[in-house]
Amino acid sequence: MKERIAIVAGIRTPFCKAGGVLKDMEADDLGAFIVTELMARSGFPREKVDELIFGNVITPPQSANVARILSVKGGLPVEVPAFTVNRNCASGMEAITTAANKILQGNAEVIIAGGTESMSNTPVVINNKFKDFLQRLIKAKGWKQKLKAIFSFRPKYLVPQMPELTDPLCGLNMGQTAEILSREFKVTRKEQDEFALMSQQRANKAIQSGVLDQEIAPIPIPPGYGAMQTRDDGPRADTTIEALSKLKPSFDSATGTITAGNASQITDGAAAVLLMSESKAKELGLTPLGYIRDYTYAGLQPKRMGLGPVFAVSKLLKKTGLQLSDFDLVEINEAFAAQVLAVKKAMASEEFARKELNRDKAVGELDLNKVNVNGGAIALGHPLGASGTRLVLTLLNELRRRNLNRGLATLCVGGGQGEAIVVEVK
């Protein structure tokens with residue numbers, strides 16, 4: 001990149017389990033709330049924002065281009081344009097890099113980027129037979145045709161098509177792709193449960209110490225709004241390895257290792273950051289949280305989508321000349337414990353590097369002491385469109401807290417992609 005992009009401010013909602021305290025808030029409500037909070041806390045003039053870009057995966061039926069809806073509802077002037085991006089799990093990070101590109105190209109000076117997701121409000125789709133019945137009923141003319149249409153109804157038409165995160169390219173849901181990686185890289189159930197426990201313990205420690213309070217804006221709980229949700233509600237302080245080991249496999253009852261305990265949680269939440277060029281921040285006398293130095297995206301086989309970080313990080317290291325050991329901290333989205341551990345093993349494998357990445361040497365050793373030090377999505381949750389933004393925000397805050405400099409944020413993407421981004425605070 002010809003100039004670093006400054007992240008001047010950032011904030012997120014608590015991440016809360018789907019069907020829980022935030023179930024009455026749609027994606028645009030969550031996004032509007034966090035944009036309002038971002039502007040209030042940063043003190044930056046709303047009229048100086050050139051554009052808003054937000055990631056979202058499960059588009060609310062009533063809010064096409066949800067970014068524009070939440071922008072106006074969030075208090076930005078109607079003159080500020082806005083658009084939505086969707087790169088599945090990387091959508092919140094895609095919003096950031098898209099904003100960075102616009103700023104570098106001179107098409108904007110100040111952009112709000114982020115992501116929002118209400119997985120509580122995932123649409124339930126009626127089946128095609130019920131849709132055909134409704135169309136016949138609507139088009140019927142006269143009472144005879146209407147009566148005929150009514151009598152064509154069958155109770156089975158009411159069976160809905162329940163939402164499922166299945167990849168149309170490989171015909172597998174995300175849990176099944178994780179099972180593939182667990183077998184390919186020989187990641188045991190014990191290893192996965194131990195990793196999940198570590199995520200829970202780290203998240204609970206961060207919550208109890210108040211570490212995560214810095215990045216969370218307490219949100220009023222609907223419908224009464226008489227109470228505030230101040231913290232993520234996914235982490236379980238009572239998690240034990242014994243309890244995790246008793247959970248049944250979720251995707252392969254016979255030989256599977258992926259359970260509800262070692263997979264990311266289905267969650268509602270939103271996050272946003274304020275971006276401008278490093279030179280613009282200096283001109284305005286602002287002290288940024290940190291800077292985006294560079295980023296990459298990569299593609300791979302959809303059925304092995306969980307390895308996306310390996311391909312993206314390899315590409316990023318080649319592009320920047322950095323080594324994996326050059327990063328002080330790493331945030332990697334914990335889609336599944338098996339997926340993260342497979343990434344770790346693939347990065348350390350010279351055979352994988354030669355065969356899959358066209359590298360002479362392994363990508364490097366992913367030190368778990370530097371990874372997700374405040375817990376990850378297994379404990380905190382994974383609101384699809386917002387997670388990418390949270391990774392960057394959490395990483396920058398922790399780097400500053402520890403007086404460190406360089407961090408790596410990366411995640412896998414359904415459909416067979418990965419993204420990696422380098423951030424710095426000095």
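This is a predicted model: local features need pLDDT of at least 70, side-chain atom pairs count only at pLDDT 80 or more; totals for chains, interfaces and linings use all residues.
Student: What makes Ala 90 count as buried?

Tutor: Its relative accessibility is 0%. Buried means under 20%. Ala 90 therefore counts as buried.

Student: Where does Ala 90 lie?

Tutor: In the loop between β4 and α3, and α3 spans 91-104.

Student: Which residues is Ala 90 in contact with, leaving aside its neighbours within four places in sequence?

Tutor: Leu 411, Val 413 and Glu 419. Contact here means heavy atoms within 4.5 Å.

Student: How far apart are Ala 90 and Ser 120 in space?

Tutor: They are 19 Å apart, C-alpha to C-alpha. In sequence, 30 residues separate them.

Student: Now α2. Which of its residues are buried?

Tutor: Helix α2 runs over residues 66-73, and its buried residues are Val 66, Ala 67, Leu 70 and Ser 71.

Student: Why are they said to be on the same side of α2?

Tutor: Because they cover an arc of only 135° around the axis. An α-helix has 3.6 residues a turn, so residues three or four places apart point the same way.

Student: What covers the buried residues of α2?

Tutor: The cover includes α1 (27-42), β3 (51-55), β4 (82-85) and β5 (110-118).

Student: Which residue just after α2 takes a positive phi?

Tutor: Gly 75, with a phi of about 95°.

Student: How many cavities of 30 Å³ or more does the structure hold?

Tutor: One. About 40 Å³ of space lies in the largest cavity.

Student: Which residues line the largest cavity?

Tutor: Glu 26, Ala 27, Ile 58, Thr 59, Pro 60, Ser 118, Asn 121 and Pro 123. By class, this lining has four nonpolar, three polar and one charged residues.

Student: On to the whole chain. How do you know what radius of gyration to set the protein against?

Tutor: From its 426 residues, because a compact globule with that number would have a radius near 22 Å. The protein has 22 Å, so the value agrees with the rule.

Student: What box do the C-alpha atoms fill?

Tutor: Roughly 75 × 55 × 45 Å, taken along the principal axes.

Student: What share of the 426 residues counts as buried?

Tutor: The share is 56%.

Student: Among contacts between residues at least 6 apart in sequence, what share joins residues at least 24 apart?

Tutor: That share is 79%.

Student: How many helices and strands are there?

Tutor: The secondary structure comes to 14 helices and 14 strands.

Conventions
Residues are numbered from 1 along each chain as its sequence is written. Side-chain values use heavy atoms; hydrogens and water are left out. Buried means under 20% relative accessible area, exposed over 50%, partly exposed in between (1.4 Å probe, protein chains only). Helices (H or I, at least four residues) and strands (E, at least two) are DSSP runs, numbered from the N terminus. The arc is that of the directions from the helix axis to the C-beta atoms. On a 1 Å grid over the protein atoms alone, a cavity is a set of points where a 1.4 Å probe fits but cannot get out, and a pocket is an open set with protein on both sides within 12 Å along at least five of seven lines; lining residues have an atom within 4 Å of a point. Grid points are joined across faces, edges and corners, and a volume is the space filled by probe spheres set on the points. Ala, Val, Leu, Ile, Met, Phe, Trp, Tyr, Cys and Pro count as nonpolar, Asp, Glu, Lys and Arg as charged, and the others, Gly among them, as polar. The radius of gyration is taken over C-alpha atoms; the globule rule is 2.2 Å times the number of residues to the power 0.38.
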